[in-house]
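Good morning, and thank you for coming. Please look at the structure on the screen while I describe its surface and its charged side chains.

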Amino acid sequence: MAGGPKPELEIGDWFGKAKVDAATTMLTEPFVHDFVRANMWHLKGRDADLLVDTGMGIRPLAPEIDTPPGKPLIVVATHIHLDHIGSLHEFRLRMGPKMSAAQFGSMDDAVTYAYMFHNLDGAVSKLPAPDWKAIDYRIPSAPLTRALDEGDVVDLGDRKFRVLHLPGHSPDSIGLFDEADGLFFAGDAIYDGMLIDDLPDSDRTAYCRTMQRLLDLPIRIGHGGHGPSFDRARMGEIASSYLRRRERFVSVS
Ligand SMILES: [Zn+2]
């Protein structure tokens with residue numbers, strides 16, 4: 001955790017929660033395979049709250065989000081992979097990337113990679129229900145109520161997030177950046193962990209361009225789709241090491 005102690009994860013019946021600061025809570029699913037154990041971020045705003053990503057959708061997520069009744073909760077999916085969109089259908093204000101917007105209605109397994117979970121060894125370390133089986137796992141349809149493109153703004157009243165299109169891990173990956181205070185929700189475009197660039201829809205050339213762009217992004221703190229949060233220096237290290245790794249590969253191949 002950049003700039004302070006690692007927030008403590010309180011593990012509940014299915015979800016784990018860590019209070020990052022007065023406005024921010026991180027949620028995760030400690031009992032799912034670490035390959036699909038993503039971070040979800042709940043940020044309290046003045047006029048609306050924000051939820052970035054919604055996990056696997058194995059157990060209901062909405063009851064875990066303590067937004068006061070009547071206050072809008074804007075839910076943003078950073079990309080259409082299974083571990084980020086499973087509970088999207090539980091929420092009313094559903095935003096996600098323009099590039100994959102049409103596919104949120106069908107949630108085709110081939111696009112979400114839900115099929116990869118069906119036969120994953122050790123898919124869960126604790127059964128979410130007595131008769132639960134990974135092979136039955138499905139992601140419900142969740143048509144977007146707003147498609148987000150590069151430059152769009154997500155407004156919480158007291159703060160605004162600029163949408164950045166950051167392809168590479170997936171073609172549709174977006175991030176949310178608050179230019180006023182440097183808070184960055186990165187999704188899987190960048191995080192402090194092993195970056196995945198070998199999925200059928202990954203694009204390494206695009207990923208390198210995204211890393212170049214991130215090197216110039218003046219963040220204060222980044223909250224990623226996986227792993228611990230990072231500051232600007234750490235993000236620079238992650239981006240640079242990815243670029244070096246790709247350059248080496250390109251020069252020997
Ligand atoms: Zn992903």
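The protein chain exposes about 11,300 Å², and carbon and sulfur atoms supply 53% of that area. These accessible areas come from the Shrake-Rupley method with a 1.4 Å probe, and for residues only the protein chains shown count as cover. This is a predicted model, in which local features need pLDDT of at least 70 and side-chain atom pairs count only at pLDDT 80 or more, while totals for chains, interfaces and linings use all residues. Residues are numbered from 1 along each chain as its sequence is written, and side-chain values use heavy atoms, with hydrogens and water left out.

Of the 253 residues in the protein chain, 51% are buried (buried means under 20% relative accessible area, exposed over 50%, partly exposed in between, with a 1.4 Å probe and protein chains only).

I turn now to salt bridges. The term denotes a side-chain nitrogen of Lys or Arg within 4 Å of a carboxyl oxygen of Asp or Glu. How many does this rule give? The count comes to 17 salt bridges.

One of them pairs arginine 220 with aspartate 181, with the closest N and O atoms 3.2 Å apart. Arginine 220 is partly exposed, at 48% relative accessible area, and aspartate 181 is partly exposed as well, at 28%.

Another salt bridge joins aspartate 192 to arginine 234 (2.9 Å, N to O). Arginine 234 also forms a salt bridge with glutamate 237, where the closest N and O atoms are 2.7 Å apart. Shared partners link Arg159, Asp178, Asp181 and Arg220 into one network of salt bridges.
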